[in-house]
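The report below goes through a protein model one feature at a time, with the cut-offs given where each term is first needed. Please keep the structure open while reading.

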Amino acid sequence: IDTNWKLGFIGRNGKGKTTFLNLLLGKYQFTGSISASTKFDYFPYEIAEYQKQMPVAEFMEDLKPGCEIWRVICELEELSESSEILYRPYCTLSPGECTKILLAVLFSQENEFLLIDEPTNHLDFDSIEWLQSYLASYKGALLVVTHDRYFLDQIASRIIELSFGDRKSTRLNS
């Protein structure tokens, strides 16, 4: 995987897309080797049970060290979301609000290589369009997993499709 790519990863449930991301993150033992000269950042962030009772403003530094609240607020505004959701307990937020907050945290500072797993889940049409535009103009490296081929066609320079156990690689025209 080249760090200049915007890579899309698509396939039916259970084909190993998220497993691949977790292998890149070093979460699973495996035979062979993966070498990476870059740091990965993964979306969605894992929220611990105790954090779900807290406002995200109180634990976002745990999700992304160095995260600054003013930058998260700027990203939320881009997503047409009020900054007040940062101060409500996470468990009281709608699934769409949770997704938007986690995306705002993700985009609040420079990243080396983003691994983004199903970013359009729980987003409304306008938010999906915003995210599509944002990722299309994003200057860093991306690996995006989704079931939405149209979404990938708009943002990815390359797409890997897992189907029936076979890998298919497609290069898109930029």
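## Backbone exceptions

Glu118 counts as buried, because its relative accessibility is 17% and buried means under 20% relative accessible area, with exposed over 50% and partly exposed in between, for a 1.4 Å probe and protein chains only. This is a predicted model, in which local features need pLDDT of at least 70 and side-chain atom pairs count only at pLDDT 80 or more, while totals for chains, interfaces and linings use all residues. Residues are numbered from 1 along each chain as its sequence is written, and side-chain values use heavy atoms, with hydrogens and water left out.

Most residues other than glycine have a negative phi, and most peptide bonds are trans. A cis peptide bond, with omega about 5°, joins Phe43 and Pro44, and Pro44 is found in the loop between β2 and α2.

Helix α5 comprises 13 residues, 125-137, which at 1.5 Å a residue should span 18 Å, and the 19 Å between its end C-alpha atoms agrees with that; the expected span is 1.5 Å times one less than the number of residues. Which residues of α5 are buried? They are Ser127, Ile128, Trp130, Leu131, Gln132 and Leu135. The cover over these buried residues includes the strands β1 (6-11), β3 (113-117) and β4 (141-145), together with the helices α3 (69-78), α4 (95-106) and α6 (149-155), where contact means heavy atoms within 4.5 Å.

## Helix α3

In α3, the buried residues are Val72, Glu75 and Leu76. Seen down the axis of α3, these buried residues fall within an arc of 100°, so they line one face of the helix; the arc is that of the directions from the helix axis to the C-beta atoms. The buried residues of α3 pack against α2, α4 and α5.

## Aromatic rings and a charge

A pair of aromatic rings is described by the distance of the centres and the angle of the planes. Rings of Phe, Tyr and Trp (its six-membered ring) pair if their centres lie within 6.5 Å, with planes under 30 degrees apart counted as stacked, over 60 as edge-to-face and the rest as tilted. By this rule the count comes to seven aromatic pairs. The rings of Phe59 and Tyr90 have centres 6.3 Å apart and planes at 70°, so this pair is edge-to-face. The pair links distant parts of the chain, since Phe59 lies in helix α2 (residues 56-63) and Tyr90 in the loop between α3 and α4, 31 residues apart; both Phe59 and Tyr90 are buried.

Ring pairs also link Phe107, Trp130, Tyr134 and Tyr138 into a cluster. Lys27 lies over the face of Tyr42, at 5.4 Å from the ring centre, where a charge sits over a ring if NZ of Lys or CZ of Arg is within 6 Å of the ring centre and within 35 degrees of the ring normal.

## Cysteines

With a disulfide defined as a pair of cysteine sulfur atoms within 2.5 Å, the count comes to zero disulfides. Cys74 is in no disulfide, as the nearest cysteine sulfur, that of Cys67, is 11 Å away, and Cys74 counts as partly exposed at 35% relative accessibility. The sulfur of Cys91 is 9.0 Å from the closest cysteine sulfur, in Cys98, which is too far for a bond; Cys91 is partly exposed, with a relative accessible area of 45%.

Val144 lies in strand β4 and is buried, with a relative accessible area of 1%. Not counting residues up to four places away in sequence, Val144 touches several residues, among them Leu7, Phe9, Ile116, Leu135 and Ile155. Thr38 is found in the loop between α1 (17-24) and β2 (40-43) and is buried at a relative accessible area of 18%; with the residues up to four places away in sequence again left out, Thr38 touches Thr3, Glu112 and Phe113.

Definitions and conventions: Helix = DSSP H or I, 4+ residues; strand = E, 2+ residues; numbered from the N terminus.
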